[in-house]
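Dear colleague,

I am passing on a structure that may be new to you, and below it you will find an account of what came out of it. Please read the text with the structure open beside you.

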Amino acid sequence: MFPEFDCDTMKHLEEVGMGYFQHMFVAFGLAFRFTFGAILLIIHAFLPNIFVDAGKKTVEYYNSR
């Protein structure tokens with residue numbers, strides 16, 4: 001289920017230019033933002049007059065990184 005911690009893992013970290021913990025915090029941050037954006041979009045689906053730009057802002061945040 002989970003990839004082994006091997007040379008391929010370290011290769012990915014080298015490719016993105018991050019250390020292990022820096023990568024972990026960035027990944028957690030993105031996961032939080034996407035989860036928060038998804039919740040706002042679910043609310044927006046039922047109440048279209050609120051959180052009108054939640055999807056747009058989530059995508060813009062991701063693209064700005």
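What pattern does the protein chain follow when it is read along the sequence? The pattern is α-α-α, and the secondary structure accordingly comes to three helices and zero strands. Please keep in mind throughout that this is a predicted model, and that the values below were computed from it. Of the 65 residues in the protein chain, buried residues make up 9%.

I begin with helix 1, which covers residues 7-16 and includes Met 10. Met 10 and Tyr 20 are ten residues apart along the chain, and their C-alpha atoms are separated by 8.4 Å.

The next topic is the pair formed by helix 2 and helix 3. Helix 2 spans residues 20-46 and helix 3 spans residues 54-64, and their axes come within 9 Å of each other and cross at roughly 165°. Angles over 145 degrees count as roughly antiparallel, and helix 2 and helix 3 are therefore roughly antiparallel to each other. The crossing of these two helices is left-handed.

Which residues of helix 2 and helix 3 meet? On the side of helix 2 they are Leu 30, Arg 33, Phe 34, Gly 37, Leu 40 and Leu 41, and on the side of helix 3 they are Ala 54, Gly 55, Thr 58, Tyr 61 and Tyr 62. Sorted by class, this contact has seven nonpolar residues, three polar ones and one charged one.

Two members of this contact can be followed in more detail. Thr 58, which is found in helix 3, has a relative accessibility of 16% and so counts as buried, the cut-off for that class being under 20%. When neighbours within four places in sequence are left aside, Thr 58 is in contact with Arg 33, Phe 34 and Gly 37. Arg 33, for its part, is found in helix 2 and is partly exposed, with a relative accessible area of 34%. Leaving aside neighbours within four places in sequence here as well, Arg 33 is in contact with Thr 58 and Tyr 61. Although Arg 33 and Thr 58 are 25 residues apart along the chain, their C-alpha atoms are separated by 7.0 Å.

I turn now to the loop between helix 2 and helix 3, where Ile 50 has its place. Is Ile 50 buried or partly exposed? With a relative accessible area of 31%, Ile 50 is partly exposed. If residues up to four places away in sequence are not counted, Ile 50 touches Ile 43 and His 44. From C-alpha to C-alpha, Ile 50 and Leu 40 are 8.8 Å apart in space, while in sequence they are ten residues apart.

Phe 51 lies in this loop between helix 2 and helix 3 too, and its backbone deserves a look, as the phi of Phe 51 is near 55°, a positive value in a residue other than glycine. Phe 51 is partly exposed, with a relative accessible area of 36%.

A last point concerns charged side chains. Side chains of opposite charge can pair when their charged atoms come close. How many salt bridges does the structure hold? It holds one salt bridge, in which the side chains of Asp 53 and Lys 57 meet at 3.6 Å, taken from N to O. Asp 53 has a relative accessibility of 35% and therefore counts as partly exposed.

With kind regards

Technical notes. Residues are numbered from 1 along each chain as its sequence is written. This is a predicted model: local features need pLDDT of at least 70, side-chain atom pairs count only at pLDDT 80 or more; totals for chains, interfaces and linings use all residues. Side-chain values use heavy atoms; hydrogens and water are left out. Axes are lines fitted to C-alpha atoms, for helices over the stretch in contact, and angles run from 0 to 180 degrees between N-to-C directions. Helices (H or I, at least four residues) and strands (E, at least two) are DSSP runs, numbered from the N terminus. Angles under 35 degrees count as roughly parallel, over 145 as roughly antiparallel, 65 to 115 as roughly perpendicular and the rest as oblique. A crossing is left-handed if the near helix is turned anticlockwise from the far one by less than a right angle, and right-handed if clockwise. Contact means heavy atoms within 4.5 Å. Ala, Val, Leu, Ile, Met, Phe, Trp, Tyr, Cys and Pro count as nonpolar, Asp, Glu, Lys and Arg as charged, and the others, Gly among them, as polar. Buried means under 20% relative accessible area, exposed over 50%, partly exposed in between (1.4 Å probe, protein chains only). A salt bridge is a side-chain nitrogen of Lys or Arg within 4 Å of a carboxyl oxygen of Asp or Glu.
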